Amino acid sequence: MLRLTPEIYARRRQVLAERLPVGAALLVPTAPEVLRSGDSHYPFRPDSDFYYLTGFAEPGSACLLKHSSQGLSFSLFVQARDPEREVWTGRRAGVEGAIERFGADQAFPIEELAEQLHEQLADVESLYFAEHRHPSTSELLKQVREKLSRGRRAELGPSALHDPADLLGELRLHKQPEEIALMREGARITGEAHRLAMEQVRPGMFEYEIEALLHYTFRRNGAWGWAYPSIVGAGENACILHYVENNCAFKEGDLMLIDAGAEIDGYATDVTRTSPVSGRFSAAQRELYEVVLDAQEEAISAVRPGASIDGIHELTVRELCRGLLELGILSGDLEQVMADKSYRRYYMHRTSHWLGLDVHDVGRYHLRDGPSRPLTAGMVLTIEPGLYIAPDDELAPARFRGLGIRIEDDILVTEVGHENLTAAIPKSISDIEALRP
Ligand SMILES: [Mn+2]
C-alpha cells in the first residue's frame, strides 16, 4: 500500500513555516467522528489539511504549528495510549508514537489541548484557524483566548484570527512529485475498476453489482476505498447528476454511466465513463457520444500553463453547442445558443474542478476580483463535459431522449502542456466496444 514518508510531511511543514509570519501559529484539528446510527460511527476519514501536514490518521487529534524567532515547533495532540480501550477501538500511536513516528517536537494527550493552547498561544500575535469548520475546537479556543485576555501576563494571546484557507490551499493546489505518484496509482486502480465494470455489465444485472465490483477492485488494490460515493447509472438514471441509489436493473440497449474513483492515501481519483450495457452503441448513442468525446478531447488538448479553467469551459461549451446544433437537439446559430445559454438545458454543470486530497480540491479558482487564474505546472484538474437529454424532453428528437453521457479524466498541468493521468482507461467508441468482443 503506497504511503508518504514522515520526511515528506516534515518538508511540508517547513514550506508552510516559510509562509507563516514569525509570531504566528496554525491550529488544525482533524475531522470529528460522526455517529451513523445508535452508537456506531461512519468510517473515520481524517481532515485533509490535518492529514496533509501530519500523515496522522487517528481520530481525536489536532496539530499546532508555531513560528517563533527560534524557528518552527510542531505539537501533536493525540488520543493517549490506553491498552484497555485499544482492545475495543484499535491501536493508537499515543504521545510516544506521535514523536517517534510522526516527527512531532512535542506531543500531548488531546485532553490537554486547552491547557497547552493557553500555554503556547500566550506569545502568539496571530492565529490561523478555520473556525467555521471546527465548531467544538472553536468553542474551546474562545475560552482560552478569553482567559488569556483576562490574565495578568504581559502576553495576551493572539489578537487576530485568520482563515488558513489560502495558506494551505495554495500549497495543496500545487502537487509535488510524490503526490503525483499517488495520483498515478489512483488512476491505475480506478482504470482497472472501470475496465472490469465495462467488461462485466450485462442486461439484467443491477447497478449495485457494478458498484460492488468497483469498490472490491479499489480495496483489493490497497486503496482506502472510494474517493466519493460512486455513481452507477443505468439508462436514464445517467441524467441525474449525483445519482447514488444504484438500485436499478440494466436493460438491453441501455448506456451505463459510472462516475467513480479510488482514494489512495487520501488522494482522490475522479473518473467518468459511459458505455453500452449490451456491448455496442446504438446509432443515436454513438452520435451523442462523439459530440461529448470530441469536446472532451478538445478541452484536454487546451490544458497547458497559462490556459484557464474558465477559458477551457467556454471552448468545451462551444464544442458541445456545435454538436447539439448538428444533431438537431438545439436550433439556431452557434453564437446565439452560446449567448442565450439554451445549452444549459443539456449541459448544466462546469467542465473542471481541482483534484487532490479532496475530490473538489482546495485552492482559489479566481485571483482576487480577477479572472479565472492561469494554470501552472503541478495543478491537477478534471475535464468532464457531459450531455443529458431528459426522458421527457419535448424539444429534443425522440431518439436522444433519456440519454446521459459524461466523460471525465484527471489532467496534470506540466511545464510544457499536460498529462492525462487517466488516459489508459478506454473511452473511444472502438476501444470500449473492443472490451466486449
Ligand atoms: Mn469530477
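## The buried side of helix 9

In this predicted model, the residues of helix 9 that count as buried are E207, I210, E211, L214, T217 and F218. Because these residues cover an arc of only 130 degrees around the axis, they lie on the same side of helix 9. On the face turned away from that buried side, helix 9 carries the exposed residues Y216 and R220.

## The length and the end of helix 9

Helix 9 runs over residues 207–220, and because each residue is taken to contribute 1.5 Å, its 14 residues should span 20 Å, which agrees with the 20 Å that separates its end C-alpha atoms. After helix 9 comes G222, a residue whose phi is positive, near 90 degrees.

## Strand 5 and its two partners

Strand 4 (residues 62–68) and strand 5 (residues 71–78) run antiparallel and are joined by 7 bridges. With 2 residues between them, strand 4 and strand 5 form a hairpin, and within this pairing C63 stands opposite L76 of strand 5.

Strand 5 also pairs with strand 6 (residues 106–109), here in the parallel sense and over 4 bridges.

Technical notes. Residues numbered from 1 in each chain as written. Predicted model: local features only at pLDDT ≥ 70, side-chain atom pairs only at ≥ 80, totals over all residues. Expected span 1.5 Å × (residues − 1). Buried ≥ 20, exposed ≤ 12 C-beta atoms within 10 Å, placed from the backbone. Arc of directions from axis to C-beta. Pairing = 2+ DSSP bridges.
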